[in-house]
Amino acid sequence: MEYCTMTYPILKTKLAIPPAKSQHVLRQRLNEMLLSYSHYKLTLISAPAGFGKTTALKEWIHSHKIDAAWITLDEGDNTSSRFWTHFIASFQTICSSKGKSASGKINSVSSSFQSVLSELLNEIHETEQDFFLVLEDYHLITNDQIHNDLMFFIDNMPSSIHLFLCTRIDPPIALGRLRVLGELKEIRTVDLRFTSDEARLYLNEVMKLGLDDDDITILEERSEGWIAGLQLAALSIQSQKDKKRFISSFKGSHNFITTYLFEEVFLNQPEHIKSFLLKTTILERMTADLCDAVTEGKDSHMILQKLVSENLFIVQLDNEGKYYRYHQLFSDFLLKHLSNTKPKEVTALHEKACQWFTKNKFEYEAIHHAMAANNLEKAAKLIENYGMTAFYHGEGKAIANWIHQIPRNVIKSSPLLCIIQSMVLFSEKMPGYPEKVERYLDNAEKILSQSEDDGSTGEQIERYNLNYIRATIETLRANLLRENCSQPEMIMEASSKALTLTPDDDYELKCINLVNIVLGHLANENLQTAYQLLDQNEMIAQSCNSHSFFILFRYFKAWIAFSEGRLHKAESICRATIEYIHDRGEISKNQQSVEGIIHLCIGSVMLEWNRVAEARQELAMGIQQIEGNKAFQSILSDGYASLARLAFVEKSEELKFQSIIEKIERLDPFLPGANKYAAALKIRFLLDKNNDHSVYLRSAEELTQKLGIHFDQNKKSGDHRNGLKWNRAAQFSLIRLCIKQNIFFQKVSPIIDFQEAEQFLRCQVQLSEEKGHRSTVVEVRILQALLYSSIGKVDTSIVALEKALTIAEPEGYIRIFLDEGEIMGKLLAEMVKRGRCINYAGKLLRLIDNDRDLQKRPKTLVSSSPSYELIEPLSKREVEVLRLLSTGMSNQETADKLFIARNTIKRHVNNIYGKLAVGNRIQAIHRAKEIEII
């Protein structure tokens with residue numbers, strides 16, 4: 001079965017450079033601007049419609065005989081696979097040997113194509129040939145993933161690639177950064193406008209109107225150099241007997257001018273040309289064969305050639321004269337005129353276009369015209385055939401736009417449409433969606449059962465395989481249970497049922513259910529069972545068309561390793577996965593989100609290792625990539641928690657900390673317990689205050705009472721992956737509150753009973769050790785040490801702290817100790833004094849002192865004495881990198897000098913920041929010079 005496979009035919013029209021006109025205005029200043037391309041990564045040609053962007057570029061290419069790749073974009077290219085299929089194919093028009101391997105992997109990618117682009121870039125890097133690539137009409141691209149992947153391509157382009165981007169609006173890519181780096185050449189409206197001399201050349205030399213200077217000045221001033229306006233005026237003037245009278249009336253808003261001139265041009269055409277223009281205006285692109293089908297004629301080829309020869313607002317898209325399109329403004333006018341004069345013909349024309357596109361297997365265009373014809377029955381049949389496949393390939397938005405227009409009774413008559421509707425509802429997650437999804441799934445099952453009973457399953461059902469359809473239904477039910485935070489056992493039961501129905505070769509569906517089962521085990525904190533399940537099925541995840549599930553499996557393995565206290569293992573898994581993403585290819589149908597979750601995990605590890613600068617970078621990157629993705633709310637909550645912890649470490653302003661906490665609180669309707677978890681973080685922040693302890697302790701007490709936080713020794717199943725962890729964090733906040741009360745208000749009866757707190761921690765140690773949660777064991781032992789110390793039981797406290805240090809030292813835990821502040825510092829000093837864990841305790845003690853010193857120093861420049869001893873020495877390579885950076889070299893220049901990748905340099909720089917306890921390059925160089933490293 002190949003129900004998840006989809007390919008796009010290569011539309012040659014999109015890859016053809018428009019031919020040069022025999023007569024055109026020589027624009028020397030524009031040519032000189034374009035010739036400066038070699039100094040920039042990107043040449044941006046941005047201006048409103050009709051300012052000659054495309055003409056200027058194509059004439060420059062033809063006049064300089066540049067062998068360029070060209071892509072003319074349309075709204076259909078907002079699907080990533082379609083966009084990048086043509087993108088790679090464009091390179092092959094000038095070098096057929098490039099991109100073959102990358103092109104072959106397009107169908108197995110559902111969203112972010114950075115790995116495929118990496119392979120293409122590597123191939124291009126190996127050749128000395130220059131590549132010129134033009135993306136025309138880029139303003140039609142609204143897919144954020146395409147923008148992000150294009151920025152990745154630009155960032156990593158070798159100097160042999162020169163990218164030209166034509167657009168009506170600035171694209172949402174990092175133009176500011178490119179501008180600052182001097183990598184962006186901008187050609188804008190002011191550059192494209194016709195000057196007086198150029199307007200004179202165009203009107204008299206090209207259009208041969210024979211106008212005097214006064215007439216030209218009037219047209220030039222009133223058009224404000226708008227080339228399309230001059231062209232429209234010139235076409236109308238050609239048929240005017242009184243040219244001066246027409247020119248004197250040439251005024252008004254652009255909309256008025258274009259409407260008036262289009263009418264003047266159109267009305268002067270012969271009747272058979274008028275008929276052809278109106279009938280074919282419904283087409284975004286035209287071939288003679290398609291036009292014949294729509295007009296029911298046989299002379300479309302001749303008419304198209306005539307329109308081109310007469311410059312009648314038609315664009316020839318190739319040199320052979322096979323593919324055409326109307327100028328957009330002209331097309332808009334024709335569509336309006338058609339609707340006003342022959343409204344009954346519109347539907348019939350779209351029907352004919354739909355038939356042609358269906359016959360030629362252009363499903364996207366076929367559905368578009370079926371919808372335009374209001375033939376919802378036909379559209380529904382096409383969606384049945386195309387919808388599930390398209391949905392699995394990241395076209396959920398397009399599917400949603402279509403299916404929302406299909407009547408409910410039509411959807412309810414088809415099990416496939418019911419399933420597709422459920423997928424759409426599930427992805428949109430609008431209020432009340434669970435009940436609606438359930439109803440559609442119930443309806444799909446009812447139809448399937450009736451079909452089986454009477455033996456009439458239907459062509460579409462047979463195409464997809466009945467077991468696959470039933471497995472999809474059960475999978476959606478399991479996903480719904482997961483989203484509703486139902487009991488883990490129910491989720492695992494539903495997913496296990498789906499697995500038994502899933503065809504052997506449907507790896508994606510298998511992985512969805514395996515993830516659900518893993519989440520069930522994680523909710524019960526059965527980490528080892530979950531890890532084994534992930535490990536055993538990693539090959540299945542790797543066999544998916546998209547590697548998103550493989551990456552998701554790797555994330556959960558890293559997260560489990562982190563929870564089990566295996567920090568080095570967690571980092572190793574994450575680093576290997578990032579390399580896999582960048583070097584190997586095909587990542588996720590969740591766009592950048594899949595990579596984002598890996599960055600969040602790395603950020604958490606870096607933060608624990610006190611590599612603050614690197615943690616900040618990784619967390620920011622991860623949150624940016626997954627924020628807004630409703631599928632990763634639980635993982636996003638981990639990212640917010642780490643970000644809150646980072647704000648705690650950096651002693652950020654309370655407003656900044658509060659804004660992070662509010663993001664966690666907003667997850668509570670979807671993830672029960674988020675409010676309590678947010679409260680635990682708030683309490684930690686309040687207890688860290690060094691002034692007016694009574695006020696902050698009272699605020700902390702009020703929070704615990706308001707949310708009903710209390711000790712509960714009965715271990716229950718969590719509602720979701722973080723449920724038990726969040727509840728435990730809230731209970732730990734009670735312990736910290738008890739410790740602070742004991743220290744600062746020993747004569748006041750605390751609201752928390754010491755013996756109850758002590759017993760709770762003992763139970764937590766036992767439970768965590770049984771489950772292998774060494775990270776939790778370390779934290780509990782620390783809390784035991786602090787609790788005993790707060791009531792003067794120093795000896796007992798030292799025993800507990802030594803146990804924590806013994807577990808933590810091999811994995812390099814740092815922040816878990818440092819975050820406890822001066823209270824921990826006193827205990828560590830006592831450890832060193834007694835000769836217990838001297839090296840590790842001494843290292844942590846120095847870091848606590850350093851934290852205290854950093855808070856007292858100016859934030860603009862962190863200084864240190866020459867006798868400062870590094871906690872972790874810089875490697876030979878890190879010293880080498882730092883020396884080159886101190887000379888003023890950029891990361892890229894340093895990478896080139898050392899013959900290593902730019903990303904490797906970034907990693908070295910982040911390691912340097914962490915080891916020197918600084919936040920930027922200036923501070924790193926200053927610190928290194930003071931301690932005589934450089």
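Q: Before we start, what counts as a helix or a strand, and how are they numbered?
A: They're DSSP runs: H or I over at least four residues for helices, E over at least two for strands, numbered from the N terminus.

Q: And what kind of model is this?
A: It's a predicted model, where local features need pLDDT of at least 70 and side-chain atom pairs count only at pLDDT 80 or more, while totals for chains, interfaces and linings use all residues. Residues are numbered from 1 along each chain as its sequence is written, and side-chain values use heavy atoms, leaving out hydrogens and water.

Q: OK, cysteines. Where does cysteine 544 sit?
A: In the loop between helix 30 (538-542) and helix 31 (548-563).

Q: Buried or exposed?
A: Cysteine 544 counts as buried, at 5% relative accessibility. The cut-offs are under 20% relative accessible area for buried, over 50% for exposed and partly exposed in between, with a 1.4 Å probe and protein chains only.

Q: What is cysteine 544 in contact with?
A: Tyr507, Glu508, Cys511 and Phe549, leaving aside neighbours within four places in sequence. Contact means heavy atoms within 4.5 Å.

Q: Switching over: what about asparagine 910, buried or exposed?
A: Buried, with a relative accessible area of 7%. Asparagine 910 is in helix 48 (residues 902-916) and touches Ala613, Glu614 and Gln617, not counting residues up to four places away in sequence.

Q: Now helix packing. How do helix 23 and helix 26 cross?
A: The axes of helix 23 (residues 415-428) and helix 26 (residues 466-483) come within 11 Å and cross at roughly 25°. Axes are lines fitted to C-alpha atoms, for helices over the stretch in contact, with angles from 0 to 180 degrees between N-to-C directions.

Q: So what do we call helix 23 relative to helix 26?
A: Roughly parallel. That label goes to angles under 35 degrees; over 145 is roughly antiparallel, 65 to 115 roughly perpendicular and the rest oblique.

Q: Which residues make the contact?
A: From helix 23 it's Leu416, Ile419, Ser422, Met423 and Phe426, and from helix 26 it's Ile469, Thr472, Ile473, Leu476, Asn479, Leu480 and Glu483. By class that's eight nonpolar, three polar and one charged. Nonpolar covers Ala, Val, Leu, Ile, Met, Phe, Trp, Tyr, Cys and Pro, charged covers Asp, Glu, Lys and Arg, and the others, Gly among them, are polar.

Q: How do helix 5 and helix 6 cross?
A: Helix 5 (residues 114-125) and helix 6 (residues 144-155) have axes that come within 10 Å and cross at roughly 25°, which makes helix 5 roughly parallel to helix 6.

Q: Last topic: how many aromatic pairs are there?
A: The count is 18 aromatic pairs. Rings of Phe, Tyr and Trp (its six-membered ring) pair if their centres lie within 6.5 Å, with planes under 30 degrees apart called stacked, over 60 edge-to-face and the rest tilted. One of them joins phenylalanine 83 and tryptophan 84, edge-to-face at 4.7 Å centre to centre and 80° between the planes.

Q: Are phenylalanine 83 and tryptophan 84 buried or exposed?
A: Phenylalanine 83 is buried at 1% relative accessibility, and tryptophan 84 is buried at 0%.

Q: Which aromatic cluster includes Phe83 and Trp84?
A: One made of Phe83, Trp84, Phe87, Phe91, Phe131, Tyr138 and Phe153.
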